[in-house]
Structures are given as C-alpha cells and as structure tokens.
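Thank you for making time for this.

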Amino acid sequence: MSRSFDVVVLGSEPDALVAATGLATSGVRVLLLEPGPDLGGIYREIEFAPGWRAAPLVPDLGYLDPQAFRGMAEIHASVAADPTVIALGEGGPLALQRSAVETAAALRRLSARDAERWPKFVQQLASLAGFLATLFRDAAPRVDARAIDEFLTLLRLGRQYRSLGRRGMVELLRALPISAADWLDDFFESEPLKGALAALAVTDLCQGPMSGGTALAFLHRHVGAAPGVIGERLRLKAGPGALIDALARRARAAGVAIETQGAVVELSVRDGRIESVALASGEAIACRAVISALDPYQSLLGLIDPVHLDPVLIEAVRNIRFRGVTTKILLALDALPDSVAAATGATPTPTASAGAAGTMLIAPSIRYVERAFDATKYGRCSSEPFVMIHFPSAVHAGLAPPGKHVAVLHVQYTPYRLREGEWGELRDTVSERALRVVEAHLPGFTSRVRERMVLSPVDLESRFGLREGAVSRGELALDQLLFMRPVPDLAGHAAPVAGLHLCGAGTHPGPGIVGASGRMAARAALKELRARA
Amino acid sequence: MLKTTPFHVRTAPLVLGATWRRWAGHAVASAYDWTHEREYAAVRNAAALFDVSPLHKYQIAGRDAARLLDRLVTRNVSTTQIGQVLYTPWCDAQGKTIDDGTISRLGERQYRLTAAEPNLRWLQQNAFGMEVEIGEVSDAVGALALQGPLSRAVLDAVAEQPVDGLKYFRVMRNRIAGVEVQISRTGYTGDLGYELWIPAQGAIAVWDALIGRGADYGITPAGIWALDVVRIEAGLVMLEVDYQSSQHAMIESQKSSPYELSLDWAVRLDKSAFNGQAALRAEKARGPAWRFVGVEVDWDSFEALFRAVGLAPSLPTIAWRSSVPIYRGGAQVGYASSGCWSPLLKKYLALAHLEAPHFAADTPVEIEVTVEHRRKRANAWVRKLPFFDPERKRA
C-alpha cells in the first residue's frame with residue numbers, strides 16, 4: 001500500500017522545518033524529506049580533517065523570524081562577539097565593537113570626522129534595516145495588489161514608511177539602488193573602515209562595492225542585527241547544527257514525520273496540480289501539497305516536467321542569477337596564531353579566545369575590494385582576494401581537538417564560471433593566494449595550518465547542492481528581492497502548479513532571514529488546502 | 001530589406017500593375033493581372049497557383065519532437081500518423097492564441113510546423129529540458145499552393161507518383177521535374193487543393209513544370225487579393241487581420257482564445273499538458289464570451305441605403321481588412337474584421353467577432369455601411385461558417 005500525506009516538505013534547513021511544524025500544528029499530516037543522511041544541509045558541520053569540524057557556510061545564523069521561533073529557548077544560548085569585526089590593514093587592526101561609543105573612540109585614530117559620524121551611521125542603519133524587517137514580516141506585497149489583505153499590507157507599509165520621517169524616507173529611497181561605495185562615501189573618509197563595510201556589503205555577491213544595489217545588500221544583512229552591531233546577528237554557542245536539532249525536535253513533537261535519505265526525483269503533476277512525489281528509491285508518495293525549501297530553479301525546473309510550466313516562467317526562472325563567487329577554505333590549526341591574539345587585543349587561552357569570536361576581515365579599502373571583483377568580470381579569480389576569517393572553535397570548542405582550532409576563510413572573488421581552465425586545477429592556486437593574503441596580515445598564521453579543505457563554488461554546488469555555488473540561492477540584488485524573488489510571477493510563495501509552495505533563501509525575504517519564508521509558505525499552503533477541502 | 005521568394009524570378013515578370021505587397025518581410029503579388037477576378041475564378045473553376053513561401057516553417061526532430069509539439073499546441077499530436085497533417089492554433093499559458101498553422105508528421109520523429117509569424121523563440125522556450133532539434137527552414141523551403149477543382153489533374157500530370165490516393169490533410173513525398181517535394185492536401189481556400197513544399201534550389205524547376213503542363217488545365221498564378229476572397233468564403237481566420245497574437249496585443253481585450261475564434265474543434269482539453277490547458281478548461285466550463293462567425297449582409301437593405309442617395313450599390317470586390325461595427329437592437333454587439341463580395345455565392349460576406357448571446361446562427365444583426373461619407377446600417381444575419389464548403393474539398 002503506497003503512503004500518502006497531506007503535505008510533503010522537501011529539505012531540512014530551518015525554513016523547511018518551520019514550515020513542516022507550522023502545518024503539523026494545524027493538524028495537517030506532514031512528511032519532511034531530507035535527501036542526505038543528516039538533517040540540516042549547510043547548517044550541519046562537516047568533518048574536514050580527523051577531529052576538526054565546521055559548518056563553513058553558516059558563520060552566522062542571520063535573523064531568526066520572531067514568529068517562527070517563538071518559544072524556542074535554544075535560540076537564546078548565543079554568543080555575542082565583541083568586537084564583531086576586526087578589520088586588518090595598514091595602521092593596525094580596527095575593531096568594530098558592539099558599543100558605538102567604543103567604536104567611535106577606535107575610529108578617532110583614523111579620522112576624527114568618521115568617529116563623529118559613526119553613531120549617526122549606525123542609527124541610520126538601524127532605522128533603515130528596521131524598515132526592511134517590517135517589509136520581511138509578511139509575504140511580499142504585490143505592486144498590483146487587488147486582494148484586500150494585500151492592500152492592507154501595502155497600507156501598513158505605507159504608514160511604516162511615513163514613520164521614517166521626511167529625512168528617513170529620502171535616505172531609504174536613496175540607499176536602495178546605490179552602490180555601497182557611494183553610500184559609505186556619504187558618511188566616511190577612512191579607507192580601512194569603508195573597505196571593511198564594503199566587503200560586508202558584497203559578501204557572496206557577484207558585484208563589487210561600486211555596483212548599484214550593494215548598499216541595499218548591506219542593509220539586508222543587518223536586518224535583525226542589534227542596534228549598533230555590525231557583521232553579526234546570531235551565533236549559537238553550540239553552533240548552527242544546534243538550531244537544526246532544536247527545530248527537528250519541535251517538528252517531531254508537533255507530529256511531523258521526518259525521513260533522511262529521501263531524495264525526491266520528481267514532483268508528479270496532473271491537471272495542473274501536485275499529485276505525488278517520486279523518490280529516488282522508486283517510491284511514490286501521494287500528497288495534496290508540496291513545500292520545497294530547495295532553490296527555486298531546482299524546485300521548478302529540476303523536479304517538474306516542463307510541460308506543466310508556462311514557458312515564459314521557465315525562462316524567468318532560468319534567468320535567476322545565482323553566480324557563486326566564494327571559495328571557503330577550512331583550516332585545521334595547531335593553535336591560534338599569536339598574531340590573531342595580538343590583533344584582537346586579547347590574551348589567548350588554551351581552549352578559546354573570546355576576541356577571536358568575531359570576524360576578521362582583510363579588505364583594506366573599497367578599491368581593494370573593487371579590484372578583487374574586477375577579475376570576476378572577466379571570469380578569473382582575484383589575485384588579491386578579500387578574505388574573511390572566522391574561528392568557529394573560538395565559540396564552540398568542541399569543533400577541534402583540545403587546544404586546537406578551526407579557521408574558515410571566506411575568499412572572494414572566485415567565480416563559478418571560469419573563462420579559462422577548470423576548478424580542478426585552480427583550487428590550490430586560490431588557496432595559496434588566500435593564505436598569502438592572510439599571512440601578510442597575520443604573520444605566522446600559515447605555519448599553524450595542519451590540514452586544509454578547499455571548497456570552490458563548484459565544490460559547494462556538488463557537496464551542498466547549492467546551484468552555481470551560491471549560498472544565497474539566488475543573488476541578493478534589488479531586482480531579485482521582495483515581490484521579484486525568486487521571479488515576479490512567483491511572489492507569495494505559491495508556484496504556478498497548484499499545491500506547490502516555495503520557501504528558503506531563494507524566496508522572499510531572502511538569505512539570512514530565517515524562518516519567515518517557511519512560515520509564510522506554510523500559511524499559503526494551509527490556506528490553499530482549506531480552500532480545496 | 002524586403003526579401004523575395006524562391007519563385008520571384010518567375011512571378012515578378014507576371015505582375016502587370018506593380019501590385020506588390022509585403023507578406024512576412026517578402027515581396028509578393030496582390031494580383032498578377034490588373035484586377036484579381038481571373039485569379040479568383042481559377043481557384044473555384046480551374047487551378048490557381050499561389051506562392052506561399054513567406055509562411056514561417058520549422059523543422060522539428062528528435063526524441064521529444066512530439067512532446068514539444070504536444071505541449072505547444074491545442075490538438076493532439078501524439079496520435080498523429082506519419083503522413084498526417086493537423087491544423088491547430090497555439091496559446092500562451094493564459095489560453096490566448098499566439099498563432100495558428102499546420103503540423104505535418106514527416107517521419108517517425110520528424111515534423112514540420114508552419115506559422116504566420118516568427119515562432120522560433122517561442123519554440124525554443126517551450127523546448128526547455130527536451131531532446132529536440134528545431135530548425136528554421138523558412139528560407140530553405142519554398143511553398144506553392146495549387147488550389148482549385150483541377151489541381152489534382154495538374155499534379156497527376158506533372159508528379160512522378162499519382163496524388164489520387166492522397167486524402168484530405170495528408171502529406172506524401174513525391175517528385176516533380178526531378179525535384180524531391182512534399183505534397184500535402186491542404187490549403188487556405190476551402191477548395192480541392194494541395195500545397196507543395198519544395199527545396200528552394202528546386203523551386204524554379206517545379207514552377208516551370210507546373211505552369212508548362214498546367215496550361216492545359218487553365219493553371220493561373222494568383223495573388224493575395226484572390227486568396228483573401230476565397231479564404232473569407234471558406235471562413236478561415238487570419239492572424240493580424242481577424243485576431244491579434246497574444247504576444248503582440250497591447251491590452252487583454254485584444255487577445256482571443258481558440259474558443260473565441262470558434263476553433264473549439266481544434267482544442268483537445270483531455271490530452272496531455274499543454275500551454276493554456278487550465279485556462280481553456282475554465283473558459284469552456286464558463287462558455288466563451290465571444291465567437292467568430294459569418295455575417296451575411298441582406299441585399300435589399302444594403303441596396304436601399306445606396307438607392308436613397310441615388311447610387312447603385314458599391315461592392316467591395318477586394319476584401320477589406322478593418323474593424324466594422326455590428327449592432328443588434330441599437331447596441332454594438334461586436335465587429336467584423338474582414339469582408340468581401342463573393343462572386344461565386346453572389347453575397348456580401350463578412351467574418352465577425354460577436355459577443356454572447358448574439359452569435360447564434362441566423363440571429364438578425366446590423367452592420368455598419370458607409371454610404372457617401374455617412375455611416376448607415378444594413379440588415380444582416382449571423383451565419384455558420386464556412387459560407388462555401390464544396391464536397392470536392394474532402395472527396
């Protein structure tokens with residue numbers, strides 16, 4: 001006898017688990033299928049050397065949607081790094097601290113004017129990111145709103161927008177389309193500061209800080225950040241995998257059936273409606289709806305016979321920009337190099353270093369980051385990439401053997417599509433270049449490296465199922481946000497095939513806003529199920 | 001630059017009155033004589049030869065050829081036999097018509113699609129994820145339509161294989177003047193007729209053979225004016241005249257579904273998934289808001305309008321292609337999109353779009369007629385299409 005569920009959820013990252021739990025709580029029979037052996041996808045640590053583990057793609061959990069995570073005690077066991085960002089460069093490290101006053105004091109060394117403007121900057125950042133947060137609370141309003149509830153959403157947003165004040169409204173409209181470089185130039189003059197902030201803006205983007213729309217990316221990444229805090233939203237003491245464990249527990253308690261090794265090969269459609277999911281094992285599971293947390297390209301073009309889709313939509317989905325540009329290098333370290341401790345200003349202990357909990361950033365100027373991007377325009381890897389360094393073991397000691405450490409290098413720009421050569425030949429070169437850059441800023445670092453694993457965009461695709469190696473599941477750009485994410489006709493989390501709903505980073509509100517899309521997709525699916533019942 | 005067809009060197013000297021026109025970027029004759037009457041008469045009484053090379057033609061081959069066509073068009077392609085030809089419209093996902101044309105199954109996995117407008121991009125968009133080759137063969141293949149009661153006799157005289165056994169909407173391989181051709185029993189005239197699909201390099205040889213041997217049967221090169229009249233008699237819809245492609249329409253109301261074009265018979269809702277299936281299913285359940293019908297103008301009423309100003313009735317011998325209001329009970333209920341005087345039926349005919357419920361056959365309506373610069377209305381009736389449907393068309 002073949003199995004049957006009301007809803008099948010594809011994937012096991014937080015949005016999938018949130019959606020599954022939401023539906024099960026409403027009395028819907030839900031099956032969640034994770035294709036791999038473990039739940040959590042990119043949130044799960046991988047062992048890259050015997051005894052060393054890391055989840056290289058989730059240095060920070062992002063903004064957890066308050067409604068989706070309501071009542072979950074586990075999310076309060078977090079670490080607050082201070083400083084959150086340490087920018088390395090000439091003239092010594094610049095620490096961005098949680099306190100705007102302290103950061104301003106640190107900036108005085110570089111520029112009295114910048115120091116004076118810092119509090120204004122973080123205030124505006126909080127105000128604009130706060131507006132985006134309200135925008136991300138609900139399904140993206142459609143510009144051609146016809147339904148009354150959509151109209152009310154627009155109206156509420158309109159009020160919220162007005163509440164920014166005349167200046168705030170202008171600032172927002174100005175910030176959305178401009179480049180991070182122009183936006184930062186409005187405030188600051190010191191290159192080390194602007195370089196670091198610009199690098200944060202363009203993280204994982206196939207754009208340089210002088211590209212339009214990158215100021216918005218910076219704002220997007222600070223939705224849900226504590227006021228004044230740069231480059232950090234939420235990091236659990238027990239690592240990102242702990243979030244998955246907690247969500248899975250909650251899902252099971254709500255009655256969700258969870259299965260791993262459940263790779264789905266096709267969503268079967270009949271008369272424009274999802275009828276069942278076909279597994280690699282050959283099993284077909286009947287269902288009334290599917291919520292897919294896979295990327296929109298995979299959900300629509302990888303799993304559905306294209307004859308069921310509007311060719312115009314197919315073209316739009318094919319045109320979603322993914323364009324991964326990041327290589328992650330996982331390093332097993334004998335010890336935290338002394339230079340790291342020196343840069344953080346903290347004394348290292350045998351097991352952990354509080355100062356190393358933040359992000360170290362090698363992006364000494366906007367020009368440096370833009371030049372690194374230039375190479376990508378021509379299908380090459382930067383010879384001088386910008387590098388972000390995380391030490392996950394500084395937060396979660398269990399990731400490395402006692403006294404040892406894990407470092408994850410985020411290396412950008414290294415395009416998925418190379419004009420010449422293949423990634424197989426380039427991996428070592430990229431790794432050498434990155435370590436050379438790091439060594440120049442943190443002397444003695446390389447000598448501490450015992451093992452390494454290099455994950456190019458191509459490796460990220462094959463290992464984690466990230467299309468084109470893009471952790472964003474669709475580049476974070478103005479034209480791929482809100483009602484245009486993943487594509488204009490697919491806003492509202494409902495796909496063109498009845499019964500299919502999309503969630504995850506590839507949908508509104510996008511990468512780094514966790515749980516909201518799962519919550520909205522579940523709501524949309526429930527509404528549809530009830531309308532049909 | 002205006003292109004010419006593979007037959008141009010033969011057709012050009014025949015055009016007496018410089019009556020050239022553009023058709024899909026090509027120069028073709030509106031008429032070869034000063035007027036088209038003789039050419040029209042040939043279609044209905046002998047054999048007329050139309051150069052229809054400007055049609056867009058696509059060769060579709062490969063494992064998924066039938067799957068592509070089936071997702072594209074509203075008729076069932078998968079059940080088509082080799083040598084069969086289908087007339088079909090095709091729609092966007094909203095069930096609005098993009099174009100219409102024919103699909104010929106030429107081999108196990110080989111088809112040819114003809115279209116009024118360029119469709120290559122749409123075909124490629126539809127072919128996503130499919131193993132299929134789409135070849136644009138519009139220039140490589142010349143096309144002639146040999147139409148009229150004697151067309152079969154002409155072909156039997158010139159073709160290597162007899163065409164006697166070729167049934168309506170079937171296609172065969174054949175050879176004329178040593179040139180490999182395909183002959184389909186299809187046309188745009190509503191009469192007995194054939195279309196010949198000829199490699200461009202063999203075009204002249206085939207033309208010469210047809211004209212040479214066809215002389216005994218009164219073969220007559222004919223232009224678009226003659227074609228326009230016969231296709232109205234046959235009740236055949238014309239893209240960008242009677243309806244707009246949904247891909248060019250500026251507003252929603254300019255689009256038409258196949259039901260609104262009265263092409264119900266060409267929509268197979270129960271086949272596998274195709275573009276517009278869900279929308280068409282809903283439309284069928286609801287009933288179409290518009291229908292495409294024939295309108296016959298009442299002669300006495302028409303004549304009276306002219307008599308009132310002291311004129312004899314003025315008849316459109318060349319078919320018009322414009323929007324003419326149709327009224328019922330004083331209110332406008334639709335519009336005619338083409339019309340002409342039918343010399344054969346001796347009737348003034350029009351093709352019209354009428355709103356529900358005014359489209360039932362024999363409903364009395366009024367059509368606008370301009371008499372000496374003033375707009376009048378003549379009585380007319382809604383008629384079932386086609387106006388002219390001779391047995392020989394299928395026999």
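B:Cys91 is buried, at 0% relative accessibility, where buried means under 20% relative accessible area, exposed over 50% and partly exposed in between, with a 1.4 Å probe and protein chains only. A:Cys206 is buried as well, with a relative accessible area of 13%.

A word on conventions. This is a predicted model, in which local features need pLDDT of at least 70 and side-chain atom pairs count only at pLDDT 80 or more, while totals for chains, interfaces and linings use all residues. Residues are numbered from 1 along each chain as its sequence is written, chains are lettered from A and ligands numbered from 1 in the order in which they are written, and side-chain values use heavy atoms, with hydrogens and water left out.

Now the contact between the chains. Chain B contributes 13 residues and chain A 14 residues, contact meaning heavy atoms within 4.5 Å. Between them the two chains bury about 1,200 Å², 57% of it on carbon and sulfur atoms; buried area is the accessible area (1.4 Å probe) that two parts lose on being put together, summed over both. On the chain B side, B:Arg71, B:Gln125 and B:Phe128 lose the most area to chain A, together 49% of what that side buries.

How many salt bridges cross this interface? The rule finds 3, taking a side-chain nitrogen of Lys or Arg within 4 Å of a carboxyl oxygen of Asp or Glu. A:Asp305 forms a salt bridge with B:Arg67, with the closest N and O atoms 2.8 Å apart. The elements of chain B that give two or more residues to the side touching chain A are α3 (65-72) and α4 (120-126), helices being DSSP runs of H or I with at least four residues, strands runs of E with at least two, numbered from the N terminus. The largest share of that side, 4 residues, comes from α4(B).

Lastly, B:Thr220 lies in strand β13 (residues 219-222) of chain B and, at 6% relative accessibility, counts as buried. Its side chain reaches the backbone oxygen of B:Gly218 at 2.9 Å. Leaving aside residues up to four places away in sequence, B:Thr220 touches residues including B:Arg38, B:Glu39 and B:Leu49.

Terms used. Polar contact = N/O pair within 3.5 Å; in protein donor to acceptor, adjacent residues only side chain to side chain.
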